[in-house]
Amino acid sequence: MAAIKIANPGAEVTRSQAALAVNICAARGLQDVLRPTLGPKGALKMLVSGAGDIKLTKDGNVLLHEMQIQHPTASVIAKVAAAQDHVTGDGTTSNVLIIGELLKQADLYISEGLHPRIITEGFDVAKTKALEVLDEIKVQKEMKREILLDVARTSLQTKVHAELADILTEAVVDSVLAIRRPGVPIDLFMVEIMEMRHKSETDTQLIRGLVLDHGARHPRMRKQVRDAYILTCNVSLEYEKTLTLACGGLAVNSFEGLSEECLGHAGLVFEYALGEEKFTFIEDCVNPLSVTLLVKGPNKHTLIQIRDALRDGLRAVKNAIEDGCVVPGAGAVEVAIAEALVNYKHRVQGRVRLGIQAFADALLIIPKVLAQNSGYDLQETLIKIQTKHAESKELLGIDLNTGEPMAAAEAGIWDNYCVKKHLLHSCTVIATNILLVDEIMRAGMSSLRD
């Protein structure tokens, strides 16, 4: 896919200031690639493989997996950001941006003679305080459908256009609520994502049952059955567990001892032919514990884009339910934490407070880039929000349609608490490690001789 090449040191060993300069350059290079993709108004990237396959996306996780990253430091940052997606399902782009900005802010002080160790100590103090502030501003809520719709919409609008996000939002929330069982962890593998190259992306829908990627097994079988009783019989090589979860009943290994309890039920079973492909729909199941999100679209890259967005949306809803709380989005959290850190640094003695200031300034990259990607002046927008936040103490984000300060909670823009918490941890750790590197050496060949 796409390649990114960042400031190769070009030597076997790179030491001290040169090593730090190379690492910071690598981090900022990766930041520049992902920066335009942040937020609902972010730009798309076109990835073209050697075989000519095209993928349009602004999902940071997809970009980092598909790009060819050659610089070792940039590769480390990409892996950390990808781990963020693996753990929480979101925050990949923010991770790269904040790491790059932490290093940029640190470089301003290091260039004036401040030792990197002092900066990293300030980062650690700032991270601890930031996590305290995050716990204070999180909003405990009963996770009803309305709140989950807001959480899913906030996540999906950063991946696909607004009209499609509104359609996918209800499907995502309803699918998670359908498979949710009291006292049992939510298993998103019980939501199957089936792709059908047909009609447009806005025809994507939730099927409260199953969609099988094959038709009837015999040409004389009926094409449609209403009020169907379903026997799941383990006499083939297919995996039938999701059939029983959706329709009820028991999977049996033989036809001996069959009873009524072994039968599942579906209100409608029918075959759907699309060109040479055939699909079997099993719908109108009562209390299905396994459902299908049927993704429709006119071409392959549209289907892939929607599939990736759905996975992020499902994780966002799952996180909200498991956290039992949410935090305001649209940059509100970062603005609030930055102001709290600026006030807190005056209680810290010595040069460590410079690291705290650098951390606070770095967090503001999120609201600044959100404003910039929406076409507004980033400095003017940020000053408006900071001024109003200082006056009202409300949690204010950016209204991306007007560029004005906005109460994110009232607008229904919610982010996952666990995503923000993991961001603060992982960004601080990797930025600290990179700042403390004073030598880059080519490894793999020993210089010792027998």
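1. Of the 450 residues in the protein chain, 53% count as buried. The model is a predicted one. The chain holds 14 helices and 20 strands. Among its contacts with a separation of 6 or more, 73% join residues 24 or more positions apart.

2. The buried residues in H13 are Leu 378, Thr 381, Leu 382, Ile 385 and His 389. Because these residues cover an arc of only 95° around the axis, they lie on the same side of H13. Their packing partners are helix H10 (332-344), helix H12 (365-373), strand E17 (396-398) and strand E18 (405-407). On the face of H13 turned away from the buried side are the exposed residues Ile 383 and Glu 391.

3. Helix H5 (residues 116-137) packs with helix H14 (residues 417-435) at an angle of about 175°, and their axes are 9 Å apart. Since angles over 145 degrees count as roughly antiparallel, H5 is therefore roughly antiparallel to H14.

4. On the H5 side, the residues making this contact include Pro 116, Ile 119, Phe 123, Lys 127, Leu 131 and Asp 135. H14 contributes, among others, Tyr 417, Lys 421, Leu 424, His 425, Thr 428 and Leu 435. By class, the residues of the contact of H5 with H14 comprise ten nonpolar, four polar and five charged.

Definitions and conventions
Residues numbered from 1 in each chain as written. Predicted model: local features only at pLDDT ≥ 70, side-chain atom pairs only at ≥ 80, totals over all residues. Heavy atoms only, no water. Axes fitted to C-alpha atoms, helices over the stretch in contact; angles between N-to-C directions. Helix = DSSP H or I, 4+ residues; strand = E, 2+ residues; numbered from the N terminus. Parallel < 35°, antiparallel > 145°, perpendicular 65-115°, else oblique. Contact = heavy atoms within 4.5 Å. Nonpolar A, V, L, I, M, F, W, Y, C, P; charged D, E, K, R; others polar. Buried < 20%, exposed > 50% of the residue type's maximum accessible area, 1.4 Å probe, protein only. Arc of directions from axis to C-beta.
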